[in-house]
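I open the notebook on a model that is new to me.

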Amino acid sequence: MYRIGELADLCEVKADTLRFYEKHGLLSPSMRSDSGYRLYSSEDAARLRFILRAKAVGFTLSEITELLSIELNKADWACADVKGMVDDKLEQVSARIAELSAFRDSLQRLSDACCGGPESAMHCSILEALETNHQVRPESHQHIADKDNKPCC
């Protein structure tokens, strides 16, 4: 049997992480000592490792709860059910990567269109693009002079 700190150390997490998983119904101590300490079994340790591995590949707490229920009742589920969950998560991750890639491309266009100089931001192409919702094209970048005839981006 492991006390909470021992199990946390064994799995390289903080004791608060175990309390959090307990609060959300993912993990509960097998028993409590006479003095009220949480005591975890080797099965609890295996369950925690399962939770941590599922979290590491991107599953949410809700999805982990579902995976744990499948894990406990494997005979009642088909492998296709588990694969479906993984394929759904893979689709979500792919969509998020596409979204982040679009963010990166937009930010790169903004950065490429700006000279980044020490001049006043009165005519800053980045601010102008954000104010007007126009898409910035690096090839349209040109230096403009402000009222003091200093170049701006």
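I looked at the side chain of Lys89 and found one of its polar atoms 3.1 Å from the backbone oxygen of Gly58. I count a polar contact as a pair of N or O atoms within 3.5 Å; within protein, one must be able to donate a hydrogen and the other to accept it, and residues adjacent in sequence count only if both atoms are side-chain atoms. The side chains of Lys89 and Glu63 also form a polar contact, at 3.0 Å.

This is a predicted model, so I note its limits: local features need pLDDT of at least 70, side-chain atom pairs count only at pLDDT 80 or more, and totals for chains, interfaces and linings use all residues. Residues are numbered from 1 along each chain as its sequence is written, and side-chain values use heavy atoms, with hydrogens and water left out.

Is Lys89 buried or exposed? I find Lys89 buried, at a relative accessible area of 9% (buried is under 20%, exposed over 50%, partly exposed in between, with a 1.4 Å probe and protein chains only).

I listed the contacts of Lys89 (heavy atoms within 4.5 Å). Neighbours within four places in sequence aside, they are Gly58, Phe59, Thr60 and Glu63.

I placed Lys89 in helix H5, residues 79-112. Helices (H or I, at least four residues) and strands (E, at least two) are DSSP runs, numbered from the N terminus. The chain has six helices and five strands.

I checked pLDDT, the predictor's confidence in each residue, from 0 to 100. The chain averages 85. Residues 138-152 fall below 50.
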